[in-house]
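Here is a short briefing to read alongside the model. Please keep the sequence and the 3D view open as you go.

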Amino acid sequence: MSTQQAEPESQEAPKDPEMQGAESPAAEKQKEGGMVDQTSTDASELEGETVHIKVFRYDPEVEGKQEPRFDDFHVPFEKGMTVLDSVMYARDEYDSSLTFRHSCRQAVCGSDAFFVNGKQRLGCKTQIADLEQPVRIEPLPHQEVVKDLVVDMDHFYDQMHTVEPYFQDEDTPATEDLEEQRQSPENREKIKMSSRCIWCGACMSSCNIAAGDNEYLGPAAINKAYKFAMDDRESEEIKEHRLRILEQEHGVWRCQTQFSCTEVCPKDIPLTEHIQELKREAVKKNLKFW
Ligand code: FES
């Protein structure tokens, strides 16, 4: 099922009796009709309070849980608490069936990209105090939901592999000892941002083109191709091969420079700029002068 189709009903989840009825200052402010500014909530105001999170739930294998819904949890706030911390607390203390991916908890593994208050974000990199309450936590849009916050990433990984995301050096015989291949500091600087990708899928999920064209390579895969196509250590022939992959019908030309991918990237990669640069490279490759 897709999150785009879901119209879930709100439902209360089992709560810690001590937490029932507890409201944070932000929640009380909302009850009074006031809006909570996304950037104005001071973390110190939440000390000793709870934060209200609404978590998307869906389990196709359990009778009675096949209808998408939201569960409410009131989680004790701690300074520095992230969105990931809050769902971990909810899982550990209230409902052990709550399912989501996570690993490093330091914005490296890319496994906990969620749709939080209407935007793709990394759970472990997003401070809960910075968000308007209740904090709405959903799986990434435009992806099939497996269970709760877990989406099927197979298609995303397939697209990443389409661009051959590995260094290729046709000049080095496989039988000889590999030698150090030096890169100039300038060239390193050029591809530095593209190499920060952690395969979280946030950009792909935000892309309207990818939502309408399942074969579109998508910003993450194109950025990965950029990293290698712009690496001076690969030959011109390999670069041309990469550009041929990228200029296909569902490649770089599908991008309409909406910048949504750039906006949500948790590693601040200028994805749209990279796609535009590859478009220019593709044009240059095909220019002929007689
Ligand atoms: Fe690894 Fe968030 S848990 S990126």
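Residues are numbered from 1 along each chain as its sequence is written. The chain has eleven helices and eight strands; helices (H or I, at least four residues) and strands (E, at least two) are DSSP runs, numbered from the N terminus.

**Confidence and overall make-up**

- The mean pLDDT of the chain is 86, and 82% of the residues reach 70 or more; pLDDT is the predictor's confidence in each residue, from 0 to 100.
- Residues 2-40 are the stretch to treat with care: pLDDT stays under 50 there, and the model has 63 contacts beyond four places in sequence for them. Two residues are in contact if their C-beta atoms, placed from the backbone, lie within 7 Å.
- Where pLDDT is low, the predicted coordinates should not be read in detail.
- Of the 290 residues of the chain, 37% count as buried. A residue is buried if 20 or more other C-beta atoms lie within 10 Å of its own, exposed if 12 or fewer, and partly exposed in between, with C-beta atoms placed from the backbone.
- Among contacts between residues at least 6 apart in sequence, 69% join residues at least 24 apart.

**The largest nonpolar core**

- A nonpolar core is a set of buried Ala, Val, Leu, Ile, Met, Phe, Trp, Tyr and Cys residues joined through C-beta atoms within 7 Å.
- The largest such core has 61 residues, and those touching the most other members are Ile53, Val55, Val87, Ile137, Cys203, Ile222 and Ala225.
- Helix H8 (residues 219-229) gives the largest share of this core, seven residues.
- Both domain 1 (34-150) and domain 2 (154-168 + 189-286) give residues to this core, so it lies between them. These domain bounds come from an automatic or database domain assignment.

- Alanine 225 is in contact with Val163, Arg242, Ile245 and Leu246, leaving aside its neighbours within four places in sequence.
- In H9, the buried residues are Arg242, Leu243 and Leu246. They cover an arc of only 100° around the axis, which puts them on the same side of H9; the arc is that of the directions from the helix axis to the C-beta atoms.
- Glu237 and Arg244 are exposed, on the face of H9 turned away from its buried side.
- H8 and H11 are among the elements that cover the buried residues of H9.

**Strand pairing around E6**

- Two strands pair if DSSP finds at least two bridges between them.
- Strand E2 (residues 50-57) and strand E6 (residues 135-138) are parallel partners over three bridges, with lysine 54 opposite arginine 136 in E6.
- Strand E4 (residues 113-116) runs antiparallel to E6, joined by two bridges. Here valine 116 stands opposite isoleucine 137, and phenylalanine 115 stands opposite glutamate 138.
- E4 is also antiparallel to strand E5 (residues 119-122), through four bridges, and phenylalanine 114 stands opposite arginine 121 in E5.
- E4 and E5 form a hairpin with two residues between them, and asparagine 117 in the turn has a positive phi of about 45°.

**Backbone details in the loops**

- The peptide bond from glutamine 133 to proline 134 is cis, with omega near 0°; proline 134 lies in the loop between E5 and E6.
- Tryptophan 199, in the loop between H5 and H6, has a positive phi near 55° although it is not glycine. This tryptophan 199 counts as partly exposed, with 18 C-beta neighbours inside 10 Å.
- Aspartate 268, in the loop between H10 and H11, has a positive phi near 55° and is likewise a residue other than glycine. Aspartate 268 is exposed, with 9 other C-beta atoms within 10 Å.

Terms used: This is a predicted model: local features need pLDDT of at least 70, side-chain atom pairs count only at pLDDT 80 or more; totals for chains, interfaces and linings use all residues.
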